[in-house]
Amino acid sequence: QVQLVESGGGSVQAGGSLRLSCAASTYTYSMGWFRQTPGKPREGVATIASISNTGYADSVKGRFTISRDNAKNTLYLQMNSLKPEDSGMYYCAADPVRWPTLRVGSYQYWGQGTQVTVSS
């Protein structure tokens, strides 16, 4: 069992930045960030395997950066140039064996989420 705890969400104006963190109870090979707004399916934002091998949704490429500190079992998401459409609940996900993808089904463990609100 892997416990994931997100933090760092908040309210920011368009063009601003936020840095999300996800503290994991143990190391897992694949990790990712997802987001969801009411009435819409959860969507993949960014993924990472080990240190490199990152992947991003087209909508966030060039603006978001995913990284991890394996010594601290912590995942990060640096979000710059935020837009109102980036608003939503952001979830951290992890899986010990599967290759990371932007699909919800690729991850066994999920955090409770942290809210991000971007105002125009």
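Predicted model: local features only at pLDDT ≥ 70, side-chain atom pairs only at ≥ 80, totals over all residues.

Biologist: Disulfides then. How many does the structure hold?

Modeller: It holds one disulfide. Cys22 is joined to Cys92, with an S to S distance of 2.1 Å.

Biologist: Which strands do Cys22 and Cys92 lie in?

Modeller: Cys22 is in strand E3 and Cys92 is in strand E9, so the bond ties together parts that are 70 residues apart in sequence.

Biologist: Buried or exposed, Cys22 and Cys92?

Modeller: Both cysteines, Cys22 and Cys92, are buried.

Biologist: And why is the disulfide of Cys22 and Cys92 called left-handed?

Modeller: Because the torsion about the S-S bond of Cys22 and Cys92 is about -75 degrees.

Biologist: OK, aromatics. How many pairs does a search of the whole structure find?

Modeller: Four aromatic pairs turn up in that search. One of them is Tyr29 with Trp99: the ring centres are 6.1 Å apart and the planes are at 50 degrees, so that pair is tilted.

Biologist: Where do Tyr29 and Trp99 lie?

Modeller: In loops. Tyr29 lies in the loop between strand E3 (18–24) and strand E4 (30–36), and Trp99 in the loop between strand E9 (88–95) and strand E10 (109–110). The pair therefore ties together parts that are 70 residues apart in sequence. Tyr29 is partly exposed, at 27% relative accessible area, and Trp99 is also partly exposed, at 49%.

Biologist: What about Phe34 and Trp110?

Modeller: Phe34 and Trp110 form an edge-to-face pair, 4.9 Å centre to centre with 65 degrees between the planes. Phe34 is in strand E4 and Trp110 in strand E10, so the contact ties together parts that are 76 residues apart in sequence.

Biologist: Is Phe34 buried or exposed?

Modeller: Phe34 is buried, with a relative accessible area of 0%.

Biologist: Which residues form a cluster with Phe34?

Modeller: Tyr107 and Trp110; together with Phe34 they form one aromatic cluster.

Biologist: Changing topic. Which ring does the charged end of Arg19 sit over?

Modeller: The ring of Tyr76, with the charged end of Arg19 4.0 Å from its centre. There is also Arg42, whose charged end sits over the ring of Tyr91, 3.6 Å from its centre.

Biologist: Now salt bridges. How many in the structure?

Modeller: The structure holds five salt bridges. Among them is the one between the side chains of Asp95 and Arg98, at 2.7 Å from N to O.

Biologist: Which residues are linked in a network?

Modeller: Arg35, Glu43, Arg63 and Asp86 are linked in a network of salt bridges. Within it, the side chains of Arg35 and Glu43 meet at 2.7 Å, N to O.

Biologist: How does Arg35 count, buried or exposed?

Modeller: Arg35 counts as buried, at 6% relative accessibility. Glu43 counts as partly exposed, at 37%.

Terms used
Residues numbered from 1 in each chain as written. Heavy atoms only, no water. Phe/Tyr/Trp six-rings, centres within 6.5 Å; stacked < 30°, edge-to-face > 60°. Helix = DSSP H or I, 4+ residues; strand = E, 2+ residues; numbered from the N terminus. Buried < 20%, exposed > 50% of the residue type's maximum accessible area, 1.4 Å probe, protein only. Lys NZ or Arg CZ within 6 Å of the ring centre and 35° of its normal. Disulfide = S-S within 2.5 Å. Salt bridge = Lys/Arg side-chain N within 4 Å of Asp/Glu carboxyl O.
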